[in-house]
Amino acid sequence: MSEYIIRNGHVFDPVQGIKGDKKDIAVKDGKIVETSALSASAKQIDAKGKSIMAGAMEVHAHVAGPKVNLGRWYRPEDKLFDSHKTPGMTRIEGGKSIPTVFKTGYSYARMGYTFAMEAAMPPLYARHVHEEIHDTPIIDEAALPVFGNNWFMLEYLKNHEIENNAAYVAWTLNQTKGYGIKIVNPGGTEAWAWGLNCLTVNDPVPYFEITPAEIIKGLIETNEYLGLPHSIHIHGNNLGNPGNYNVTLDTLKLVEGYKAKNNFGRKQVMHATHVQFHAYGGDNWGNFESKAKEIMDYVNMEKSITMDTGNVTLDETTTMTADGPFEHHLGGLNHLKWANVDVELETAAGVVPYIYSPNITVCGIQWAIGLELALYAKDPMRCFITTDHPNAGPFTRYPRVIKWLMSKKARDAQIKAFKNSDKVVAATNIATMDREITLYELAAMTRAGPAASLGLGKDYGGLKPGMNADIAIYNINPDNMPSDPEEIEKAFSGVAYLFKDGKICVKDGTVVDNGNKRTFWVDVKVKPNKQVAHDVKEKFLKYYSVNEGNYPVPDSFAPHPYVIAVDATQ
Amino acid sequence: MKTVTLTVKQAPELYLECENITPDTFAGKKADEIAQLPAYQGKEDTTLGEYFTIAGEAGATAAETQIILKGDCSKMKYIGIKMTAGEVIVNSSTDMYTGGWMKGGKLVVKGDVHSFCGLGMEGGEFIIEGNAGNYLGASYRGDWRGMQGGIIRVKGNVGSDICTFMNGGELIVEGNADVHIATHAEGGKIVIKGNVNRRVGGQMVKGEVIVFGKIGLMMPGYKYTKDVDLEVDGTKANFAEYVGDLGERHPKRKGEPVYGKIFLKK
């Protein structure tokens, strides 16, 4: 394989604590190596006046699977005028908020991303998720199966059978080639099948008689029993409603007393996702306000939590979540169109198009809350940037979110552009916040932090010799930061170079190689468990629409796997 | 106003995507520059010059530009799409998406237009001297933003599903219409001088449909309220007013629900 030496660039690497110093980066056989390990034939890349970071890691996005495809089916208008092929090696790229798999891969790569986590995989439709993951070029991907409303889990945790639940989770991860435990509106989606919802952590789930708090704690215990690379990944109850920040704090406080137990260097026991949607004050849309500070005060203090923001990007987008009741509620608010899927014993999903208009006060406040979360974060290694793609906005807007975070001038310009800017300012703290995220903090929020949270910190998210050679080089010079914030957005929109596994995949913002994409999944070994084997067999006979033998994802669906083995038999 | 004349020299084998035939794209360009503008045929990237002989030059702005198309354009799509000003005159029939998302100016087609024309139109004037196909003035597939403004006048008949998701503007049909008129509409006005097959105003929230001829079958969600005298497109007459669609969601204004209305000439 090729060897490269990247010279004269400013390196930002929280893993090694390098804050913009000029340092040569050597690449050999897909890994970062000491410069002394290179032969004389190494190709030179001049990164003078540029910034070098590890490949960015997306911790939460909806980029593959039945829910995304449902959005594609019923929103043909999202691809309007996108049918032409552009010159070069790329295929046609269609879609704005629900892009095709090709556009997904290319767009992430062009922005310097090398990994994306599909945030909600219905186990029953795992094959579809893996088919789309396989067809997404360049970037590595993994998927989190959803467990928060699963019948097996509800029954085991009701009786606090952690060992059985762990065996079931291990079995599901193996069957679906999944990465970790995703929880969406714990109990609430199941309650919705009964026409109800769980709006606090203490609302019991009908029939199963278990509360969201018990589900969350049980799944934390299960996760740490197994020692998975990632912690539980939670979308809490009562998403998107005024006054929900109290429910969010109740959810976050459930980590108290738990400690991470794993061999992957992961420190947190809970990853709270798209917190923007969970940090709302007020009790109706009229007195709606930001509670970002209250949430971040707790997150800053509690080291067992990592989180991501879920920034609103002020675009027309497509919301999609396994939180079925929320989507039904949203469809009733905006009268556009609503689609719903029920996934048998496991989960559900809803899809509704949504326009985050700068003319609507609530949308402006949501925009501010997302940014406030990141700006209040004291530890950038625990607060990551997402748009909960496509729920708060398409991931292709990351450069714009970065611009807002890095430039007060850009934020002020946006506040001024709101139709009701005085109302937005009155309901938030954004106008008083002077903090501007530095390139070093950005590297923590988008690289080192997510990698550590996903348990991949040993090989990913940094530029230390021995780590995987996923490297993004941006046209931004820390010694001469642009005074025009638009230049920041431009720099992060198209990398100068993107190395993926030591191969140049993007050059000057243009895709030049499809890379060697891999599917990450976690294979957990547990002690044989007759009870769970019996329960699985029985449920398949009684309830599932498929046979047990047709359930697993065959190896051919993930032909380029990166399997993380976990031994939980001890 | 300056004029550019495009004469068809070669009929496309498939269909030619003419989204660049608009005063906005032509503005400020000379004939040879216009000939270089891209036009897709299937997946092939070609130029307008391959299919048209181009004479004259465009004005400095769209408003100062007139485009005249000669020859058979019945396999040309997207003519006049998104135009904001100026004038386009087509001396033949055209294919789908003609005049889609128009914002201003005037577009005249002297023959028929195919389906999906005038989609999501926001302003301007679109005159069709022949017949129009389905989905005239509707929204794009899946979208909820149908005709928003401007005026479309059809001298002949129209197909089905016209003005689906209409939100504003006016459509005048001098001939007859097929099924599904103003489905899901939330505003706008449709005048049909001839007869309508059936299914007028299904799931209509707001808006007006005025029919001079007969409606094959009135939808059950409509209720007769009163007779009114109206002046429509220069004709004064007495109409029976129906409100509906009663099964649909309706916004309230001053405490009273707002309904879609159908006026049927007596």
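The model is predicted, so local features need pLDDT of at least 70 and side-chain atom pairs count only at pLDDT 80 or more, whereas totals for chains, interfaces and linings use all residues. Residues are numbered from 1 along each chain as its sequence is written, chains are lettered from A and ligands numbered from 1 in the order in which they are written, and side-chain values use heavy atoms, with hydrogens and water left out.

I begin with the cores. A nonpolar core is a set of buried Ala, Val, Leu, Ile, Met, Phe, Trp, Tyr and Cys residues joined through side-chain atoms within 4.5 Å; buried means under 20% relative accessible area, with a 1.4 Å probe and protein chains only. The largest such core has 145 residues, and those with the most contacts inside it are A:Y108, A:Y179, A:W367, A:L456, A:F492 and A:V524. Its largest share, eleven residues, comes from helix α11 (residues 361-376) of chain A; helices are DSSP runs of H or I with at least four residues, strands are runs of E with at least two, and both are numbered from the N terminus. Domain 1 (3-53 + 461-511) and domain 2 (54-453) of chain A both contribute residues, so this core lies between them. The domain bounds come from an automatic or database domain assignment. Apart from this core lies another, of 61 residues, including B:A39 and B:I152.

Next, the sheet. Four strands of chain A form an open sheet in the order β5-β4-β1-β6, with mixed pairing; two strands pair if DSSP finds at least two bridges between them. At the edges are β5 (31-33) and β6 (43-46), each pairing on one side only. Strands β1 (residues 3-7) and β4 (residues 25-28) run antiparallel and are joined by four bridges, with A:Y4 opposite A:V27.

Two residues remain. A:I476 lies in the loop between β21 (471-474) and α16 (485-493) of chain A. Is A:I476 buried or exposed? A:I476 is buried, at a relative accessible area of 2%. Beyond four places in sequence, A:I476 touches residues including A:G49, A:L439 and A:F492, where contact means heavy atoms within 4.5 Å.

A:N164, in helix α5 (residues 162-176) of chain A, is also buried, at 14%. Its side chain makes polar contacts with those of A:E161, at 3.0 Å, and A:N529, at 2.9 Å. A polar contact is a pair of N or O atoms within 3.5 Å; within protein, one must be able to donate a hydrogen and the other to accept it, and residues adjacent in sequence count only if both atoms are side-chain atoms.

Definitions and conventions: Buried < 20%, exposed > 50% of the residue type's maximum accessible area, 1.4 Å probe, protein only.
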